[in-house]
Amino acid sequence: KVYTPERSQQAIQNFFQKGNLTALREMSLRITAERVDHQLRDYMHSKRIAGPWKSGQRLLLGISPSPHSVSLIRWARRMAYTMDASWIAVYVETARSLSETAKTQLAKNIKLAQELGAEIITTADEDIAEALVRVAHEQNATQLLVGKPQRAYSLRKSLLDQVIERSGDLDVYVVGGDEKSTSRKAIHLPE
């Protein structure tokens with residue numbers, strides 16, 4: 001009933017081929033999976049169910065105004081593509097003000113993440129590790145991606161240590177940076 005009899009034969013030969021039908025089937029399954037994922041997150045939120053509910057793969061990446069976030073964003077995109085997973089880029093805003101250079105870099109990082117398919121979430125909190133874990137649970141993320149600390153030695157706990165400590169059921173991936181840019185600082189012990 002969609003095509004006239006003379007056009008139906010042409011449609012069968014040109015459009016209704018196995019490859020086209022398989023691609024349409026895959027697209028419909030992806031759209032359905034996204035809709036079900038949103039419904040699951042809404043249900044979890046309304047019933048106050050703590051995540052993650054590992055019904056599928058969902059990555060969460062913490063980003064910052066650092067130029068190193070660019071490589072983390074690209075790595076997260078590749079990982080999400082490989083795992084056929086959705087992904088979220090989260091920026092945690094603190095009371096500390098950013099320089100104009102940092103604001104510009106942050107805007108570039110957010111734009112890049114959006115262009116590569118990330119859902120962008122900005123949240124405010126003074127405890128970055130706590131905020132990342134909280135958003136991961138709220139968004140039903142199954143993996144949390146964190147950049148390797150740039151400083152090799154430090155007496156206080158790094159963001160990575162804090163995230164791992166609080167992660168619970170979340171899988172935490174540590175993504176390394178460019179070794180050339182990693183600077184080592186000496187430890188100064190109090191006297």
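The side chains of Glu 130 and Arg 166 are joined by a salt bridge, with an N to O distance of 3.6 Å; the term denotes a side-chain nitrogen of Lys or Arg within 4 Å of a carboxyl oxygen of Asp or Glu. This pair connects distant parts of the chain, 36 residues apart: Glu 130 belongs to helix 5 (residues 128-138) and Arg 166 to helix 6 (residues 159-166). Helices (H or I, at least four residues) and strands (E, at least two) are DSSP runs numbered from the N terminus. Glu 130 is partly exposed, at a relative accessible area of 37%, and Arg 166 is partly exposed at 29%. Residues count as buried under 20% relative accessible area, as exposed over 50%, and as partly exposed in between (1.4 Å probe, protein chains only).

The model is predicted, so that local features need pLDDT of at least 70 and side-chain atom pairs count only at pLDDT 80 or more, while totals for chains, interfaces and linings use all residues. Residues are numbered from 1 along each chain as its sequence is written, and side-chain values use heavy atoms, with hydrogens and water left out.

Side chains of opposite charge can pair when their charged atoms come close. A search of the whole structure finds 7 salt bridges. One of them joins Glu 119 and Arg 58, whose closest N and O atoms lie 3.0 Å apart. Here too, distant parts of the chain are linked: Glu 119 is in strand 3 (residues 119-124) and Arg 58 in strand 1 (residues 58-63), 61 residues apart. Glu 119 is partly exposed, with a relative accessible area of 30%, whereas Arg 58 is buried, at 4%.

A further salt bridge is formed by Asp 125 with Arg 134, the closest N and O atoms being 3.4 Å apart. Asp 125 has a relative accessible area of 21% and is partly exposed; Arg 134, at 27%, is also partly exposed. Both residues belong to a network of salt bridges that includes Glu 138.

The surface also carries a nonpolar patch of about 630 Å², made by Tyr 3, Ile 12, Phe 15, Phe 16, Leu 21, Leu 24 and Met 27. Patches consist of residues with over 30% relative accessible area and no salt bridge, like charges being joined within 9 Å and nonpolar side chains (Val, Leu, Ile, Met, Phe, Trp, Tyr) within 5 Å. Accessible areas come from the Shrake-Rupley method with a 1.4 Å probe, and for residues only the protein chains shown count as cover. Helix 2 (residues 18-46) gives the most to this patch, with 3 residues. Ile 12 is found in helix 1 (residues 5-14) and counts as partly exposed because its relative accessibility is 46%.
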